[in-house]
Each structure stands twice: as C-alpha cells, then as structure tokens.
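The sequence and structure come first.

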Amino acid sequence: MLNNLKPTEGSRKTKTRRCRGLGSGLGKNGGSGSKGQNSRTGGGVRLGFEGGQLPLFRRLPKRGFKHFGKKIYATVNLKVLNRYNDGEVIDLTRLVSDKVIKKEFNGLKVLGEGELTKKITIKANKFSESALEKINKAGAKAEVL
C-alpha cells in the first residue's frame, strides 16, 4: 500500500549537523581545526595557490601558438549557388544580403560540394580546385579578386 512505503535501509542518510555540541561528533570547531585562515568563515586560498611558492601553472612553459595574421574566409558550396538565375553576378556582399552567409570575415572561398547547373559569374577571393573544375564544366565564370 502507498501509505506503507518506506525508503530502503541505508539509502537515506541524515545531514551532519556541525558545531552542535560534543555529542554530535563534530562539536566545538566543527572539523575545521582551531585558528588559522582555513578555520575562518569564507577563509581558504584560491585554486592553485601554493602558499606563496611559484605555482605550478606559472612554473611550466607556455605551449602553442595563436596566429593572429591568419585569414579566415566565409565559405560557400556550389550546390547553394544554384538558387541564382543565369547571367547573375554573385559576390560576397550579395551572399550576405541574401543571408546565405552570416558574416563577411576576410573574404569568400568557394568550395566544390554539389553540382553547379547555372551559368553565373562568381567573384571570390579563393576557389578550391574541384570548384573551379565544376564551374568551368557548367559554363560559368570564376573571377578571383
């Protein structure tokens, strides 16, 4: 019956009540020891602090390199460009205004996934080899900026 349900033996444990007399097992100082930084409320040291010694994360050498001059290109696949009509000129600003690409970054790179069926002119900073092949095969033009 629902009114007789009880949790299984040992599955529920009562919370330790610290600093509630010697009989509690954690009376007087409540397991914090006496005096010192760590016994105080809000006391203790930050993560990685080694008592004033130079911490491990500062002793170890720095690793890796971040190339700040690297150019990141907005990419678009050929299959996406089939939405445009024959004879149209497609460039980065057009793709951003049509919400095909979210951001301009440092230019446009055309990748060769899918097939191109329209005869359009594509202006971009870079083209992959497969993209150039497919563009020429479709009779479209690729202009490198």
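## Strand pairing around E3

Val-76 stands opposite Val-110 in strand E3. Strands here (E, at least two residues) and helices (H or I, at least four) are DSSP runs, numbered from the N terminus. E1 and E3 run parallel and are joined by 4 bridges; two strands count as paired if DSSP finds at least two bridges between them. E3 also pairs with E5 in the parallel sense, over 2 bridges, and Lys-109 has Lys-126 in E5 as its bridge partner.

Buried means under 20% relative accessible area, exposed means over 50%, and partly exposed is in between, with a 1.4 Å probe and protein chains only. In a regular strand the side chains alternate between the two faces of the sheet.

## Basis of the values

The model is predicted: local features need pLDDT of at least 70 and side-chain atom pairs count only at pLDDT 80 or more, whereas totals for chains, interfaces and linings use all residues. Residues are numbered from 1 along each chain as its sequence is written, and side-chain values use heavy atoms, with hydrogens and water left out.

## The sheet E2-E4-E6

An open sheet of 3 strands has the order E2-E4-E6, with parallel pairing. Strand E2 (89–90) and E6 stand at the edges with a single partner strand each, so one side of each is left without a neighbour in the sheet. E4 and E6 are joined by 4 bridges; Ile-122 has Ala-142 in E6 as its bridge partner.

## The nonpolar core

A nonpolar core is a set of buried Ala, Val, Leu, Ile, Met, Phe, Trp, Tyr and Cys residues joined through side-chain atoms within 4.5 Å. The largest one has 20 residues, of which Leu-78, Leu-81, Leu-95, Leu-108, Val-110, Leu-116 and Ile-122 touch the most other members. At least two residues of this core come from each of strand E1 (74–77), helix H2 (92–97), strand E3 (108–111), strand E4 (121–124) and helix H3 (129–138). H3 supplies the largest share, 3 residues.

Contact means heavy atoms within 4.5 Å. Leaving aside neighbours within four places in sequence, Val-110 is in contact with residues including Val-76, Leu-78, Leu-81, Ile-122, Phe-127 and Ala-131.

## Helix H3

Ala-131, Ile-135 and Ala-138 are the buried residues of H3. Seen down the helix axis, they fall within an arc of 70°, so they line one face of H3; the arc is that of the directions from the axis to the C-beta atoms. The face turned away from the buried side carries the exposed residues Glu-129, Glu-133, Asn-136 and Lys-137.

The cover over the buried residues of H3 includes E3, E4, strand E5 (126–127) and strand E6 (141–144). H3 is followed by Gly-139, whose phi is positive, near 85°.

## The loop residue Glu-115

Glu-115 is found in the loop between E3 and E4. Its relative accessible area is 44%, so Glu-115 is partly exposed. Beyond four places in sequence, Glu-115 is in contact with Leu-78, Lys-79, Asn-82, Lys-134 and Lys-137. Its C-alpha atom is separated by 64 Å from that of Pro-7, 108 residues apart along the chain.

## Annotated span

An unreviewed UniProt entry places the feature "domain: Large ribosomal subunit protein uL15/eL18" at residues 76–143. The end C-alpha atoms of residues 76–143 lie 15 Å apart, and the span is 24% helix and 25% strand.

Definitions and conventions. UniProt positions renumbered as here; feature names shortened; annotations may be inferred.
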